[in-house]
Amino acid sequence: FQLSIVFFAVGMVFAGRWQDKAGPKIVGITGGLILGAGFLLASVVGNNLWGLYVAYGVLGGLGVGFAYVTPIATCVKWFPDMRGFITGLAVLGFGAGSMIGAPVGTTLIARMGVLGTFAVFGVVFGILTALAGAMLRTPPAGYRPAGWSPPAPAAGKPVATKHDYGPGEMVKTPQFWLLWFIYLFGAGVGLMAISQAVPMGVELAKVTPALAAGALGTMAIFNGLGRPAFGAISDKIGRSNATMLAFGVYIVALLGVLRTADTLATYTIGISMVGFAYGGYLALMPSYTADYFGTKSLGINYGWVFSAWGAAGILGAYIGAAVRSATGTWTN
């Protein structure tokens, strides 16, 4: 799974560059085919650990990266008047997939085993993702939604002289590195909590793993809801204010609710607050990228910003587990 996270982020970079040149249709179709091929290959070589690393971790991760970047970059171009909300809806689909895939996968594994489930998922994911990718297209040059005009600069602020940055130009700006570190911490907290939600619930709330997993399911719902919610909030109050609100929710959840969560109810509330805020970052960061660096190279630019999520997927879980191991308790 850690390999799939890394290659998810790597795939975003390469797919983003390709999409900016060739459009989203061919990239989305390719992503579906790679994803399906990775799962099908896993069904054949899954009894070999290194085979599983390559099939599920490398190919599966690359396929997800190719498929994930295309609707985000495309939707932002079609809806410049509601970038935050439309991005939130797009990534809500990504989060909602686990709510369907997890119970279906559990049922299939019980009936046909892990390798058979990989095969079924490979066919279903490959076909549906490729078909969805085939429907994507970018708006024509100069497109604007009916009745919408780009907002005028605020009083006292200089008028921007450059609207579209290439990735080489983007990485030289302080905004890029600020976004990267904000995303690293914002995603790191959420991914740490997701990866350790069940053992945290068992220890803090003193419940069975099954009940703690139920809290994780509730967290997944709020994770999904946080994406369009924070996207819409950011359209109203600005990205920076929405980002500070998300970090505020983290602080209250981590230092307030979860440190004293000795019942399943309080633990579920705390972990759901974390999920809600984490979902917000997945909607805010593509919108930030479009706001700051334009939409012409949004695919590749967001791929580089998204590399912070890939780093967070490794560091967040590792740091959380290391602190727990060193101190003996999740409350620390």
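Helices are DSSP runs of H or I of at least four residues, numbered from the N terminus, and their axes are lines fitted to C-alpha atoms over the stretch in contact, with angles running from 0 to 180 degrees between N-to-C directions. The structure is a predicted model in which local features need pLDDT of at least 70 and side-chain atom pairs count only at pLDDT 80 or more, whereas totals for chains, interfaces and linings use all residues. Residues are numbered from 1 along each chain as its sequence is written, and side-chain values use heavy atoms, with hydrogens and water left out.

Two helix pairs are described here. Helix α4 (residues 83–134) packs against helix α9 (residues 264–293) at an angle of about 135°, the axes lying 8 Å apart. The two helices are therefore oblique to each other, given that angles under 35 degrees count as roughly parallel, over 145 as roughly antiparallel, 65 to 115 as roughly perpendicular and the rest as oblique. The crossing of α4 and α9 is right-handed, that is, the near helix is turned clockwise from the far one by less than a right angle. Contact (heavy atoms within 4.5 Å) involves R83, G84, T87, G88 and V91 of α4 together with L282, A283, P286, S287, A290 and D291 of α9. Five of these residues are nonpolar, four polar and two charged.

For α6 and α7, the axes come within 7 Å and cross at roughly 150°; this pair is therefore roughly antiparallel. The crossing of α6 and α7 is also right-handed. On the α6 side the contact comprises G190, A193, I194, A197, V198, G201 and V202, which meet P209, A212, A213, L216, M219 and N223 of α7. Ten residues of this contact are nonpolar, three are polar and none is charged. In this classification, Ala, Val, Leu, Ile, Met, Phe, Trp, Tyr, Cys and Pro count as nonpolar, Asp, Glu, Lys and Arg as charged, and the others, Gly among them, as polar.

A nonpolar core is a set of buried Ala, Val, Leu, Ile, Met, Phe, Trp, Tyr and Cys residues joined through side-chain atoms within 4.5 Å, where buried means under 20% relative accessible area, exposed over 50% and partly exposed in between (1.4 Å probe, protein chains only). The largest such core has 59 residues, and Y68, Y183, Y267, I271, Y302, F306 and W309 have the most contacts inside it. Elements giving two or more residues to this core include α6, α7 and α9. Apart from this core lies another of seven residues, including A42, A55, L108 and F118.

Residue S325 is located in helix α10 and counts as exposed because its relative accessibility is 61%.
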